[in-house]
Amino acid sequence: MSSTAHPSPGPRSSSDALAVWGIAALVIATVLLGALLPARHPAPARSVAEDPACLEWTDGCQVCQRLAEGPACSLPGIACQPVAPHCLRRADG
């Protein structure tokens, strides 16, 4: 039996340790910034279909009306190009 001693791993060099600590600090800073900074979410735009004052609206292809049972919409044409929906008739005038 041979009793060969394996060399023990040497201490980590200071540049390796510095790189590891630098990466750890960067990860921690990124996580903290993401958790602590306020998020900027724009207020969601209210669609005409969600506006209770809008009784009738269109996107240029379909015409929809607000009924007691819920909204009812016409069928679009075959080659219709929809545009931004807009209100045609409001409850308040």
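Two salt bridges are counted in this predicted model, the count being 2 when a salt bridge is taken as a side-chain nitrogen of Lys or Arg within 4 Å of a carboxyl oxygen of Asp or Glu. Because the model is predicted, local features need pLDDT of at least 70 and side-chain atom pairs count only at pLDDT 80 or more, while totals for chains, interfaces and linings use all residues. Residues are numbered from 1 along each chain as its sequence is written, and side-chain values use heavy atoms, with hydrogens and water left out.

One of these salt bridges joins the side chains of Arg 90 and Asp 51, at 3.1 Å from N to O. This pair links distant parts of the chain, since Arg 90 lies in strand β4 (residues 86–90) and Asp 51 in the loop between α1 and β1 (54–58), 39 residues apart; helices (H or I, at least four residues) and strands (E, at least two) are DSSP runs, numbered from the N terminus. Arg 90 is partly exposed, with a relative accessible area of 36%, whereas Asp 51 is buried at 16%, where buried means under 20% relative accessible area, exposed over 50%, and partly exposed in between (1.4 Å probe, protein chains only). Setting aside residues up to four places away in sequence, Asp 51 touches Arg 46, Arg 66 and Arg 90, a contact meaning heavy atoms within 4.5 Å.

The salt bridge between Arg 89 and Glu 56 has its closest N and O atoms 3.2 Å apart. Here too the pair links distant parts of the chain, with Arg 89 in strand β4 and Glu 56 in strand β1, 33 residues apart. Arg 89 is partly exposed, its relative accessible area being 40%, while Glu 56 is buried, with a value of 17%.

Helix α1 (residues 14–36) has 23 residues and reaches 32 Å from its first C-alpha to its last, close to the 33 Å expected at 1.5 Å a residue, the expected span being 1.5 Å times one less than the number of residues. Of the 23 residues of α1, the number buried is 0, so the helix lies largely in the open. Val 31, which belongs to helix α1, is exposed, with a relative accessible area of 55%. Together with Ile 23 and Val 27, Val 31 makes a nonpolar surface patch of about 290 Å²; patches are made of residues with over 30% relative accessible area and no salt bridge, like charges being joined within 9 Å and nonpolar side chains (Val, Leu, Ile, Met, Phe, Trp, Tyr) within 5 Å.

Conventions: Accessible areas come from the Shrake-Rupley method with a 1.4 Å probe; for residues, only the protein chains shown count as cover.
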